[in-house]
Amino acid sequence: MEERRQQGRRSTELLLEVVDAHTGQRLGRIVDLSMDGFMLFSEALLTCDSLWECRLIPLSPIEGVQEIRLGADCLWTRPAADGQHCWAGFHIIDLAEDQEAQLENLLRQM
């Protein structure tokens, strides 16, 4: 598969949850993250080309970061081995300036 990322993603051992900003439904856990996007391990079977308003929430305290609100486009999905979960790749398409600063802070602490 052709690599199209502008920035390298960082894997994380931090527990970072992604929640649908409208419904509060938990979408999954961040596996890797960059300023441009993230990969998610999800309990829900997500749809490619779907747009989401998300809240990225650290489950452990991270200095200066309580949650990050962003808009994201689901670019791809792959079923997980168990058939009940999926992997999904997202491109961040909407990030306010203050949220961008929080994301940069989070990435520095990873």
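Is glycine 89 buried or exposed, and what is its relative accessible area? Glycine 89 is buried, because its relative accessible area is 1%; buried means under 20% relative accessible area, exposed over 50%, and partly exposed in between (1.4 Å probe, protein chains only). The legends below place this residue in its surroundings.

**Figure 1. Overview of the predicted model.** This is a predicted model, in which local features need pLDDT of at least 70 and side-chain atom pairs count only at pLDDT 80 or more, while totals for chains, interfaces and linings use all residues. Residues are numbered from 1 along each chain as its sequence is written, and side-chain values use heavy atoms, with hydrogens and water left out. The pLDDT, the predictor's confidence in each residue from 0 to 100, averages 88 over the protein, and 88% of the residues score at least 70. Over residues 1-7 the pLDDT is below 50, and this stretch has five contacts in the model beyond near neighbours in sequence; contact means heavy atoms within 4.5 Å. The protein has one helix and seven strands, in the order β-β-β-β-β-β-β-α from the N terminus. Helices (H or I, at least four residues) and strands (E, at least two) are DSSP runs, numbered from the N terminus. Of the 110 residues, 45% are buried.

Figure 2. Leaving aside neighbours within four places in sequence, glycine 89 is in contact with Phe38, Asp73, Cys74, Leu75 and Trp76.

**Figure 3. Aspartate 73 and aspartate 49.** Aspartate 73 is placed in strand 6 (residues 68-79) and counts as buried because its relative accessibility is 18%. Not counting residues up to four places away in sequence, aspartate 73 touches Asp49, Ser50, Leu51, Gly89, Phe90, His91 and Ile93. Aspartate 49 lies in the loop between strand 4 and strand 5. With a relative accessible area of 66%, aspartate 49 is exposed. Its phi is near 60°, a positive value in a residue other than glycine.

**Figure 4. A stacked pair of phenylalanines.** A pair of aromatic rings is described by the distance of the centres and the angle of the planes. Rings of Phe, Tyr and Trp (its six-membered ring) pair if their centres lie within 6.5 Å; planes under 30 degrees apart count as stacked, over 60 as edge-to-face and the rest as tilted. The whole structure holds two aromatic pairs. In one of them, phenylalanine 38 and phenylalanine 90 are stacked, at 4.8 Å centre to centre with 15° between the planes. This pair links distant parts of the chain, with phenylalanine 38 in strand 4 (residues 37-42) and phenylalanine 90 in strand 7 (residues 86-94), 52 residues apart. Phenylalanine 38 counts as buried at 1% relative accessibility, and phenylalanine 90 counts as buried at 1%.

**Figure 5. The largest nonpolar core.** A nonpolar core is a set of buried Ala, Val, Leu, Ile, Met, Phe, Trp, Tyr and Cys residues joined through side-chain atoms within 4.5 Å. The largest one has 26 residues, and those with the most contacts inside it are Leu33, Phe38, Leu46, Phe90, Leu103 and Leu106. Helix 1 is among the elements that each supply at least two residues of this core. In helix 1, the buried residues include Leu103, Leu106 and Leu107.
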